[in-house]
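The structure comes first, then the notes.

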Amino acid sequence: MRIKFQNLKIQDIKLREQLHMCLEQSCDDGIYINGDDVFQFERMVAHYFSTSRACFVSSGSSALYLALKTLGIANGDEVIIPCMSWISTAHAVSRLGATPVFTEINRSFNMDICSLEEKISMKTKAIMPVHFGGIPAEMHLIMKLARERNLFVIEDASQSFGNELDGQMLGTFGDFGCFSLNPMKTFGALGEAGLVVSQNDKLINNLRQKIYSGLNNMELNHRGDNLQARFLKVLLENFGEKQKKLKIIFDYYKKHLNSQVELVGKKNNYIPYCINILVDQREAIEQEFGKREIEFKRLHVPLMVEHPCYRHNTSLPKSNEIAKKLLSLPYHQHLTENEVVEICSVINEACK
Ligand SMILES: Cc1ncc(COP(=O)(O)O)c(C=O)c1O
């Protein structure tokens, strides 16, 4: 592909040196798990989020699973989630024997609040909003509803690390905030990793007891490792720079896409995880992208509710209509303005 959808290469020489040093240190001290770096990273993150505590785990899927399990979600319970996310949001619920109940989405691909209200039943135990593409779900309304109905809230903030809503970090509204830190994420490790944050010490302590199996604790292994924690400490120190670069790329899209093209999140100041547009001319644009070797995706369609294991769950016509128009565009730090201009010219031409 001439213009790649994603390019995760680290080109900054100083950053590469710092990361090499992490590996050198690990080879020197021979500490690969349970090291101080894990706890130091957790403290750094807790400070970053102004939360009381954080727990470093092996993936975003583990983060969600552990958060739900710690809140006692089990067989027979229902957890309400938007129909749009990476499928592990739903699987984390199912793995505990509970049922994911899908809501319609709005045009930012986030949980539709009217649909959420409709889906609350006697069996509902928790709401799990996803800040899709980095754009905040309507957390004030969700928290109000959760308080009124006595429901837990777990934020799947995997795609929104570092973004805020009205001055409050995403991931800090609910009982737990869960993050995937896999390399594709805005803030990602050099391998698999995940994170849980909470304002509640007791909840995080309970969750921590579940990250590794022991004689009194029949669990699987969900621990994050020391080398990734070392990398992540360095990457967090450099994260502001990465955010600035991504913002510039998003701004290029804002500048060069014609106003009639619906760019998701355009009016906001968030740093997106992915660049999504809603267009009627999707096939025509994709064809032209194909000819020009411009990589594209449809993140994450088909909707979870269309997946064979959830198809019986419900039908969500409004969300299906929105998903039909979704096109995800190339987005990474190394994209040039000329490349964005070319991508936008294809879209502008098709949408004339
Ligand atoms: C919204 C969302 N939830 C959960 C996950 C799962 O995270 P992981 O791949 O780290 O298990 C992802 C990552 O792909 C995601 O984007």
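## Ligand shell

The shell around the ligand consists of two nonpolar, eleven polar and one charged residues (Ala, Val, Leu, Ile, Met, Phe, Trp, Tyr, Cys and Pro count as nonpolar, Asp, Glu, Lys and Arg as charged, and the others, Gly among them, as polar). S59, G60, S61, S158 and S180 come nearest among the 14 residues around the ligand, where a residue is near if its C-beta atom, placed from the backbone, lies within 6 Å. Helices α3 (60–70) and α4 (88–95) each supply at least two residues of this shell; helices (H or I, at least four residues) and strands (E, at least two) are DSSP runs, numbered from the N terminus.

## Basis of the model

The model is predicted: local features need pLDDT of at least 70, side-chain atom pairs count only at pLDDT 80 or more, and totals for chains, interfaces and linings use all residues. Residues are numbered from 1 along each chain as its sequence is written.

## Helix α8

The end C-alpha atoms of α8 are 17 Å apart, which agrees with the 16 Å that its twelve residues should span at 1.5 Å a residue (the expected span is 1.5 Å times one less than the number of residues).

Buried residues of α8 are N226, L227, Q228, A229, R230, F231, L232 and L235; buried means that 20 or more other C-beta atoms, placed from the backbone, lie within 10 Å of the residue's own. Their cover includes α1 (13–29), α2, β1 (53–57) and α9 (239–256).

How values were computed. A residue is buried if 20 or more other C-beta atoms lie within 10 Å of its own, exposed if 12 or fewer, and partly exposed in between; C-beta atoms are placed from the backbone. Two residues are in contact if their C-beta atoms, placed from the backbone, lie within 7 Å.
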